[in-house]
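Thanks, everyone. Let's get the model up on the screen, and then I'll talk you through it.

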Amino acid sequence: MYRSILTYCVLLALPLYGQGRTDSVAEKNKGKSVSINVGLNMVMRGFNRIILKDEYAQINLRSMRTNLKTWPVWDTNRFSTNFIGHPYHGSMYFSSARTNGLGFYQSSSVSMAGSLMWEYLMETKPPSQNDLWATTIGGTALGETLFRFSDLVLDNRTTGLERVGRELLAGILAPTRLITRLTTGEAWRTGQSRGNFLHVPSYWLELYFGETATGTTGSNPSMWRSALGIELLYGELFETVAGKPYDWFRLTGEIRAGNNYLHLTQANTLGLILNKELLHNNETRVTVGLFQHFNYYDLNGRTNNNTAPVYISEAAAIGPGIIVQKKKDKSTVQFAVHLSGIILGASTSDHFKLEDRDYNFGSGFSLKLSSSLQFKQRLTISLFSEDYFLFSWKGVDDYEVLKQLTINEIDFLNVQGDKSSTMLNLLGLTMKYSLNKRVHVVLRARSFNRNTLYTHFSSVKHSLNEFFFGMGVNV
């Protein structure tokens, strides 16, 4: 037990001794990121324990001692909790460190320390290995993108309602950054400069909204929902020699609503860690790099009670990529190939149903292909394909036993789900036609396909098609 506590304390202290920002204010605030994260964990645990009265929040010294002696397991939380809730929680740890002067890798270690504290000390249930991966690595991916996004939003020159709106929006993106700004008074202090933490690069931000029709293959679209999405391209890829991670990244997200339904259906980031330019002339540019991937799809495609949802997660992944761009006259063609190794991912299960789990954890790799063609800055056509190959090797052999398990036995079951291998494919086409410099029409068609090969069951193939029509606005 004491060895485990010592290891945790060392991990928690590591970020304090690295090099962060060089300005004196940041140096003075290095310890604040740790105190904010400890306070964040304590407040959330207090809320769960006192207000919600959750059983797993009734921690004591005995539960902490037990967890410190326990090897992490695969938990049974719902898909959204594990693959967007925990990464977002990790992003709060991360952004508190970035706000208070720590660099990218140091902030990632702060996310790891915060996750270790939560898993081992803040719950009566055994520590979860999927939460440790998702909070640390997924939290790093979301943390850096949302931190840099918040940096674009904040502007210390503004006052009144505009200032309040900017602070609140930045607080949604990076809550612990808002906490820091409130404690220092920077949230209301005005100045002659924006007060950005980072140099503001060129960026492209699009908001889009419209209607989405969804249906299974071979049937007419049977579900219509309104959709609101965002896409941010940060930095110039072919102008960037990545001295720091995420000097270039892409961020997308989409929410759907309708018939008492409001749901985050996807969140995606692709961040450049390092790169090297292979070719650069008047018409053609080629660059290769190492990229961090985060992909989350939760499409409630239930058109009836027998139709499974579409789950795709790539919560912790990294790999190489190559991007080629060619310009001629007033047209631009771009092609990209990305390969990633997936440490933690997940897909829909047709058989494993236990508490809130209806999906399989897995690891493997992904291959992504994309191409785009832009005509005279008026019409853009994009084709993309994402293929995920996930393997769940630690699965259930006797499904009858699942029906007889006690709550404590379920907590320690420690399986990824069904023994299986899954191939997930997302194939899509997007067309954008500009009406003027800011407004454009958006058409998008996508097909989600899953082929799962089970060890103890017959293979299952499932497809879901969707069509989106709407408007986009460049902000």
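I'll go through aromatic contacts, then helix packing, then a few loop residues.

Ground rules first. This is a predicted model, where local features need pLDDT of at least 70, side-chain atom pairs count only at pLDDT 80 or more, and totals for chains, interfaces and linings use all residues. Residues are numbered from 1 along each chain as its sequence is written, and side-chain values use heavy atoms, with hydrogens and water left out.

Aromatics, then. Rings of Phe, Tyr and Trp (its six-membered ring) pair if their centres lie within 6.5 Å; planes under 30 degrees apart are stacked, over 60 edge-to-face, and the rest tilted. How many aromatic pairs does this rule give? The count is 21. Take F79 and Y296: this pair is stacked, at 5.4 Å centre to centre with 20° between the planes. F79 belongs to helix α5 (residues 79-99) and Y296 to strand β5 (residues 284-299), so the pair links parts of the chain 217 residues apart. Helices here are DSSP runs of H or I, at least four residues, strands are runs of E, at least two, and both are numbered from the N terminus.

Buried or exposed, F79? F79 is buried, at 2% relative accessibility. Y296 is buried as well, at 1%. The cut-offs: buried is under 20% relative accessible area, exposed is over 50%, and partly exposed is in between, with a 1.4 Å probe and protein chains only.

F79 has another stacked partner, Y311, at 4.3 Å centre to centre and 15° between the planes. Y311 sits in strand β6 (residues 310-328) and F79 in α5, so this pair ties together parts 232 residues apart in sequence. Both F79 and Y311 are buried. Now zoom out. F79, Y296 and Y311 belong to one aromatic cluster that also includes W74, F83, Y359 and F361.

Y359 also has a charge over its ring. The charged end of R357 sits there, 5.1 Å from the ring centre. That label needs NZ of Lys or CZ of Arg within 6 Å of the ring centre and within 35 degrees of the ring normal. R444 does likewise over the face of F468, at 5.2 Å from the ring centre.

Back to α5, for its helix packing. Axes are lines fitted to C-alpha atoms, for helices over the stretch in contact, and angles run from 0 to 180 degrees between N-to-C directions. With helix α7 (residues 129-153), α5 packs at about 55°, axes 6 Å apart. Therefore α5 and α7 are oblique to each other. On our scale, under 35 degrees is roughly parallel, over 145 roughly antiparallel, 65 to 115 roughly perpendicular, and the rest oblique.

With helix α6 (residues 104-121), the angle is about 130° and the axes are 8 Å apart. That makes α5 oblique to α6.

Last, the loops. F352 is in the loop between β7 (331-348) and β8 (359-375). F352 is buried, at 0% relative accessible area. F352 and Q416 are 64 residues apart in sequence, and 9.5 Å apart C-alpha to C-alpha.

Now backbone angles. Most residues other than glycine have a negative phi. Y246 has a positive phi of about 70°. Y246 lies in the loop between β2 (223-234) and β3 (249-257), and is buried at 0% relative accessibility. N414 has a positive phi too, about 60°. N414 is in the loop between α11 (407-411) and β10 (420-434), and is buried at 14%.
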